[in-house]
Structure formats: structure tokens, C-alpha cells
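Please keep the sequence and the model in view while reading.

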Amino acid sequence: MMKRNLARRLVQALIVLAGVTLLIFVMLRIVPGNPVETMMGEHANAETVARMTAEMGLDQPLHVQFFRYISSAVRGDFGTSYSLGKPVSGLIGGAFINTLILALFAAAFAWIVGIGCGIFSAVKKNRLPDRLFMGFSLLGISLPVFMAAMLLQYVFAFKLKWLPISGTESWTGFILPAIALGWNSAGQVAQMTRSTLLETLQEDYIDTARAKGRGPFGVLVRHALRNAMLPVLTMMAIQFSGLLSGAVITETVFSINGVGRLMVQAISGRDIPLLQATSLLATTVVILGSLLADCLYSVLDPRIRQERARTAGASASRTAHEMEG
Amino acid sequence: MNEKTLEIRGLTVCIPTEKGVIRPVNDVSLEVPAGSIVGIVGESGCGKSMTARAVMGLLRYPAKATAGSVSLCGRAITSLPEKERRKLRGAEISMIFQEPMTSLNPVVKVGRQVEEAIRLHMSCSREEAKARTVEIFREVEIPEPENRCGCYPHQLSGGLRQRVMIAMAMVCKPKLLIADEPTTALDVTVEAQILKLLERLRDTGTSVLIISHNLGVIAKVCDYVYVMYAGRIVEQAETNRIFDRPAHPYTRGLFRSVASLREGSGTLETIPGVVPNLLRLPAGCSFSLRCRQCGENCRRIMPDLAETEPGHKVRCFLAGKEGTE
Amino acid sequence: MLRTKKKQTKQVTDLLLQSQIGEEESFRVLMRRMARENKTAVVSFVLIVVMILAAVLAPLLTPYGEKDMDLLHRLAAPSAEHPLGTDEGGRDVLTRLLYGARVSLLIGVAPALLSLILGAVLGVAAGYKGGLTDAVIMRVADVTLAFPSMLLAMVIMYALGGGILNVFLTLTLVNWANVARVVRAQTLKLKNSEFVEAARIIGVSRDRIMRRHILPNCLPTLLVLFTLNIPASILTESSLSFLGLGIQPPNASWGLMINTGRQYLYNAPWLCFAPGAAIMLIVLAFNFLGNGLLDVLDPRMKKQ
């Protein structure tokens, strides 16, 4: 019964993915002007341009170009970069790993720091640690990524020289960018954790737990957190998209060779194949991420599991059938 | 055995607010003799739930018990450190709450929740705890107890959930069970069953303190009744006596309004006025503003609880006199 | 934080006292309540007004012209004559900040407004009409939301080319989907409320119901969304300009200032940090205001 739901969600995701691919493709082609001309700059003469255009298949009608693209894409061929002259798949491969590492570090930072601060704040509500942490989280939410990145770079890399200014030769090169990237998410997670935890602690079943004789720590961990974390987890899944947005900037500031920086280069170089492939990659990751998050939420919250089973039209599970007391 | 399971003397709970201190429980004294069911009745907001919470030690900040003592089977518990009190909760004295809907942790199976109560106070293995859970489910008449253990709260009906709550409260065989509006959220047929269950518990040695605004519930199962108004006890007597000869104008008003419903006399009798604002109580009797028999002194001087006949106390200057009703 | 303690005490008091909530509170009363309870929101509001005034009155507030170059004093540190220093062309940073405020504020407000209108119209249509309209609009919204915001903005900017108008358009297209989703959810809730049913029974036309009954009741939500979308737009534009993909010279925006200032990060950090701080301040201010509005309007929304 959960599988039917999963299948439905998967189909939806595929539709969105198809839409995204189409959108990217169309967006990039409606730019006026022949990309070949832009590529060749001053050296362009009508003959060479015409020849190259035909070679690259850019004179074909749009839908033909689209199908060609899709058919090569599924075979792993995303074309050749206009500006760098190399096959796109190769360029992306290495960059993807860097971005992935960066995103994972940032996410880990955001979640560990965010949840930790949130819990601590909720427990010590309205006292000094609470105000301190909430102040930090406010800073996190309002500091734009590029500011955080430049601040960190200036203070810790340039002035204090504790960490490298740019590049990823050693893993330490990921630390500052990860913090800059995850800073924003950490703030959001901290605030959300605090508020859901505070709300949860007002629920009736917390009273029941206390009436059973549970101590404050047990109540917190075994009852409150289990419920409070659910909305926080969904939020973390949504943030993934934001992490990719921020990666574009962080990679630029810290000169990390990642997908984000490639995208920026692709735009300045009017490099359609590269831009296309990076956009597709980014959105696919986001779509997969939210799919995963959805499934995770179902697994963790038994109420949702059952609600979804019912709405998916699966055969009525006996548990959905209310039994009289 | 003439021992008193619960003895409360002069209990007062204070809540500081921006507009002043309010006392939802004001100098309350009551007893629950061993092997009996005692009821506290009153309108919403009269302080009955607060009293129960104060006894359990479950008052929510900023409410605090500032005066009085509570003894369980002769042992003073208000002076105990929190750690000791926690050992008593769930084991010697337990409580069930009004809303079975929200009083159980929604993401934990009910079997596990009852097992938690067991393992908090008795050292035993998981299997033993599980077996004991099934046993207690059977005792509270939950059908198919083994299957039900694996259910989540949202999969059970209201009546079943309340039975689970009772099971959880009784599993360590407490001396006192406090039931705060145990049947208010249930429909009438289920209510009768739950009340019968409470009577059975009393017969097996647990004293029960029932809190309700429902006179029918009180009439059906209680041996002795306390009537509360604006934080104070205004009348107390054996059930028969209080229903035969209610002395306090408030109690009379309560009974009248219910009786008029049943007899279909055409007019719905009500007590004029609204629940008092605890910040603006008169210096004298709290009920004086709504009392039809309000006399000269009533508004200025607070009457004491005086015994009008053995076992029957009233807090009213005009009690015992046949009023103008 | 102190407010929360008061709030809690208030909750307890309300629990025990006969409360008189149940009356419809007019907008003005709500605003007054917010002013009373939420000092940060009030401060933010004042700050925003001050910033708008500063932007509008820029020529009066600074002796320097926006484009006045002074190559003898390039990259000067903050001093009495130049409170925020000078940039690589000797221009006064404070002046550029003030003139840049015009662009940044405009960039925040206009697309937020446009996306609000677009999102609201589509959201109500999707929610109320249901069926195919709903499915189509929601799929398009899904596709839009599947993109990380920066990436979507970058792709659209690429397609449209540079220029302020295109930046407006881009930001509108990036933000509308969120508004549409929220409005749709509210519409679905309102659709089943009694007064809408009553209107339907009398025979009010569908369009009129959407216009006269549903949309007005979404206004509190829309106001909050508007206030919270403004900082999002400002941030996206700053990020785009920072990457060189947004506003182009000779126009100036704070993001663009940071972009050009980046080269001099190590010897003239004020070039980056001044506009950066300005962006932060305005984003914070709008966020606080939006959250304050949310707090005050939320119970009202819950009731509906």
C-alpha cells in the first residue's frame, strides 16, 4: 500500500522533471541571436557560421533538437561545451563531486548546529542561552550567503590565516564555504526546532508522560523530540534547494570547482550545453531530494503513513477501520 | 481500615499575572478515604483540575503551590524533593486526563507506552513488561489485547483510548487514581462502561478521585462529593445527602439547572451571571455577586466551612435556612 | 523573548478568566496590538520608512553626486569626509549606497507586488475551479519550484538578457509559485466555508465569488507574503548582481557594488561590507515586520 503511493509520487516527480527539461531547453533557445555567432565573435563570417550551425544541428526545428538532446542525454552524452571545448559530461563529473561534498558538509553543519541550538534554546527558554542562540539564528537567516562567505573569508582566511582562502586541495578548503553555505539553514532549523519543541512540550501527552513518572530528560528525548522533529525534517528537505542556490555563490567566492561555478561560467560564456546540463542536474537532485524527504516523513509518522494509504485508494487496511471500544 | 489515601490541607496555588496574583486553588482541604470514590464538581475554571495537578506535582509554570500540604497514605509528599515525587508518580498515585485523543503520544504504539509505565517503576525485562501489558489490557476490558498492543493511538476509538490511559495508570497498582473529566470526551454509552470500570478499580483497592463538571457522573459513582467555586470548597457531603439536601446556593443552582432539563418544566433554569474573574473577587463570599439569597454580610465577609450536619459542611452564612427558593 | 513569557502568562490568565475573544477585530485594532506587543516589528517598520526616505531624499542628504569621481582619493578608508570611504573611482560610498537604495528597494517591492498579484490570481483560480485548471497551474508551479531559486533566476536572466526590466520579470517569475500555493491552500479552506456556500446557493457567479468573497479573505495572508517576499527579491537580485548577472553598470545596486568591491576585499573591505550591511539591515527589517504581521494576523486567519 505504501508502494502504490511511492509509485504515484515517482510518476509525479517524473512529470515535473520532464517539465523542467522542456523549460530549460526552451528558455535557452529563445535567446535571440545565433549562439555560434556569439561564440565566434569577430571571426564570424556568414559561411563559417552557416556551416557550424548545420554541424551542430542548430538549424533544425526545435522539437527535433529536443528529441535529439534527450536521446543523447539518456546515453550520457550531454554535448560539448561551447566555451571550453570539452564534453560536458566530463566537466560535470568532477565538479559534481565537489559540490556534493560542499553541500553535505554544509547540511551537516546546519543540522547539527541548528538542532542542537534549537533544543538548547527551547529547554532554557527565555534565559541567556536562549536569547544568545536565537540572536545567532537571526543572524543566520538575515546574512546573505555572499556576505557570510566574504566575511568568513576575510576574517578567518585573510586576517587570521587559519584556513585556506580558496580552492579544495585539502579538505580544510571545504570548511569555510560549508559554514557560509550552511549558516542560513542552521538559523532556520534552530528557530523551527525551538518553536516546534516548545509547542510539543505543551501537548497533553507530555503531561501523561510526566504523570507516569518520567524525568525531564526522558520526557524531552523520548516523547517531545520524536514529535517535534517531524516538521523540522521536512524543512530540512526543502532547504536542500536553497543549499544549491547558495552553492553557486559560495563556489564563486571560494573558487571551488563545482557545479554552481560551472553554471556561472556557462552563462557568461553563453555556453548552452553546459548550462543545460548543469541546470538539469541541479533540478534532478532537488526533485529526488524532496521525493526522498516525502518517503522519510511517511516512514517516521505513522499517522501520515495511514492517511496516505487511505487516500491512495489502497484496499482498506484493517487498521484504518475504527474499532469500537 | 480507616486510613486516608489522600489528605489535602489548606492547599493554595498562585499564578502571578501582569494584573496581579490569582489563586485558582485557595485554601482547599479534602480527603479521599481508602477504598472510596470521591468527586470534585464545579464549573470550568473553578480550580478542580489545578487541585489535581498540584497533588501530582504537575503544575505548569507559572503556577505554583504556595501553601498547604498533601499526604498520600499518611506520608507527606509536598515537601519531598522532585526526584522522590517522580518515583511516586505512576506507581503510587496516577492520573488520567480528559482528552484521550491528545493524551497519548501519537507516534508510539500504545503497548510501548504502557510498557514504559511498567519499566519506569519496576525492573523487569521487555517480555515481562509486554506480558503484563496484555494482562492489564484484558483487565480493563480491551478486546483482542495482544493485537491492540501494536496499535497507534489514532487507530483506536475514544473509548478504547481512555481504557488504554486507565491501563497505563493502573498497571503499577497505585493507591490513588485521579481521573480528570474521564468521560467528558466520550459518548454516553461508553461513559457508562468507563464508570463501571472505575468502580471495579475501587473494589480492587485503588481509591479514586474524580473531577467532573457533570453531575450525572458524580451522582453515579461517587461516595463523597466536594463542590468547588472560584478556587474554594463551598460544600461537601456524602453523595446522597448533597443531592437530597443541597445547602449552598451555588450547589442548589447547579442541581436546579440540571433538573429543569430532565423534567422539561419549560424554562431552563440558570445561575445568573458568569464565571467570576479571579482578579476581581469580592472581599466576602465569591458567589455573592450571583447569589439570589445574597445577604448583608455576604459580600464583605468570607464565610468559613461550617458543619450543618455530620459529614456535611457548607461555606455560607445562609445555609441550613430554607431560603426564598 | 520577554514577550513570550508575557504571552504565556496571558494564555494562562485567559484560560481561567472569561475571555472575550470572539469579536472580529478590525485591522486597525490588530495593528495597534502589534505595535504594543512587538517592539521589534515597530522598530523595523520605522527603519524601513527611514530607508525609503533616505533613498528618495538622497540628493539632499549628501554633498556628493552619485557619479562624482575623485581619482586622487580612490579607495580611501572611512573618514570624516567620507563616512564609508571611497571606491575604486574615488566615489563616495555612502552616496552610492543612498542612490543604490532606490534600485534595491524598487527591486524588492515591484517584483514582490507583481508575483503577489500573479500568484494570487492563479492560486485562487486553481483552488476554486479545481479540475484541469488546478492540475495545470499546480504542475507549472511544481516545475517552477523544482528549481533552486538562484538557478531559475540565472536561467531566466540568460534567456531574457540583462536590464532592470528583465530583472523585474525574472524575480516575479521566481516568486509567484510560492504565493500561488499558499493562496490555493487558503482558497480550498474557504471554499467549504459557510458564507461561500451561502453565496453559491443564492446563485452568485463563480467569478464573483472568487473576486468578492475569497480573495478579500486572503488579504491578511497576502500582506504577510508580500512583506516576506520583498527581502527574498532583494536577496536574489543582490546575489545575481554579485555574480554579474543582474543589474549592469552604469546602473547601481547594492549587489553590484559588492561585486565590483570584491576585487578590493583585502585592501578596502568597506566597499563590500557597507552595502552588505545595508542589505542585511533591510532584509532583517522586512523579515521582522512580516513575522510581526504574521503573529498578529494569524489567529484571525485561523478563525477563517
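Two residues are in contact if their C-beta atoms, placed from the backbone, lie within 7 Å. The model is predicted, so local features need pLDDT of at least 70 and side-chain atom pairs count only at pLDDT 80 or more, while totals for chains, interfaces and linings use all residues. Residues are numbered from 1 along each chain as its sequence is written, and chains are lettered from A and ligands numbered from 1 in the order in which they are written.

**Domains of chain B**

The bounds of domains come from an automatic or database domain assignment. For chain B, this assignment gives domain 1 (4–92 + 174–314) and domain 2 (102–173). The centres of domain 1 and domain 2 of chain B, taken over C-alpha atoms, are separated by 29 Å. Contacts link 13 residues of domain 1 of chain B with 13 residues of domain 2 of chain B. On the side of domain 1 of chain B that touches domain 2 of chain B, α7(B) gives the largest share, five residues. That side of domain 1 of chain B divides into 10 nonpolar, three polar and no charged residues. Here Ala, Val, Leu, Ile, Met, Phe, Trp, Tyr, Cys and Pro count as nonpolar, Asp, Glu, Lys and Arg as charged, and the others, Gly among them, as polar.

**The sheet of chain B**

Helices (H or I, at least four residues) and strands (E, at least two) are DSSP runs, numbered from the N terminus. Two strands pair if DSSP finds at least two bridges between them. In chain B, eight strands form an open sheet with mixed pairing, in the order β6-β7-β8-β3-β9-β10-β12-β11. Its edge strands are β6 and β11 (306–309) of chain B, each of which pairs on one side only. From one strand to the next, the twist averages 20°; axes are lines fitted to C-alpha atoms, for helices over the stretch in contact, and angles run from 0 to 180 degrees between N-to-C directions.

| Strand pair | Bridges |
|---|---|
| β6(B) and β7(B) | four bridges |
| β3(B) and β9(B) | four bridges |
| β3(B) and β8(B) | five bridges |

M95(B) stands opposite I178(B) in β7(B). Strand β3(B) covers residues 37–41, and I37(B) stands opposite V208(B) in β8(B). Towards β9(B), I40(B) stands opposite Y226(B), and V41(B) has V227(B) as its bridge partner.

A residue is buried if 20 or more other C-beta atoms lie within 10 Å of its own, exposed if 12 or fewer, and partly exposed in between, with C-beta atoms placed from the backbone. In a regular strand the side chains alternate between the two faces of the sheet. In β3(B), I37(B), G39(B) and V41(B) point one way and V38(B) and I40(B) the other, and all are buried. Strand β6 (residues 93–96) of chain B is likewise covered on both faces, with I93(B) and M95(B) buried on one side and S94(B) and I96(B) buried on the other.

Helices also lie against this sheet. Helix α1 (residues 48–56) of chain B lies across β3, β6, β7, β8 (207–212) and β9 of chain B and runs at about 150° to β7(B). Helix α7 (residues 188–203) of chain B touches β3, β7 and β8 of chain B, and its direction makes about 150° with that of β8(B).

**A residue of strand β2**

D27(B) lies in strand β2 (residues 20–33) of chain B. This residue counts as partly exposed because it has 16 C-beta neighbours inside 10 Å. Leaving aside neighbours within four places in sequence, D27(B) is in contact with G10(B), T12(B) and R232(B).

Chain A contains 13 helices and zero strands. Of its 325 residues, 42% are buried. Among contacts in chain A between residues at least 6 apart in sequence, 71% join residues at least 24 apart.

A nonpolar core is a set of buried Ala, Val, Leu, Ile, Met, Phe, Trp, Tyr and Cys residues joined through C-beta atoms within 7 Å. The largest such core has 251 residues, and A149(A) and A167(B) have the most contacts inside it. Domain 1 and domain 2 of chain B both give residues to this core, so it lies between them. Beyond its neighbours within four places in sequence, A149(A) is in contact with P177(A), A180(A), I249(A), T250(A), V253(A) and F254(A).
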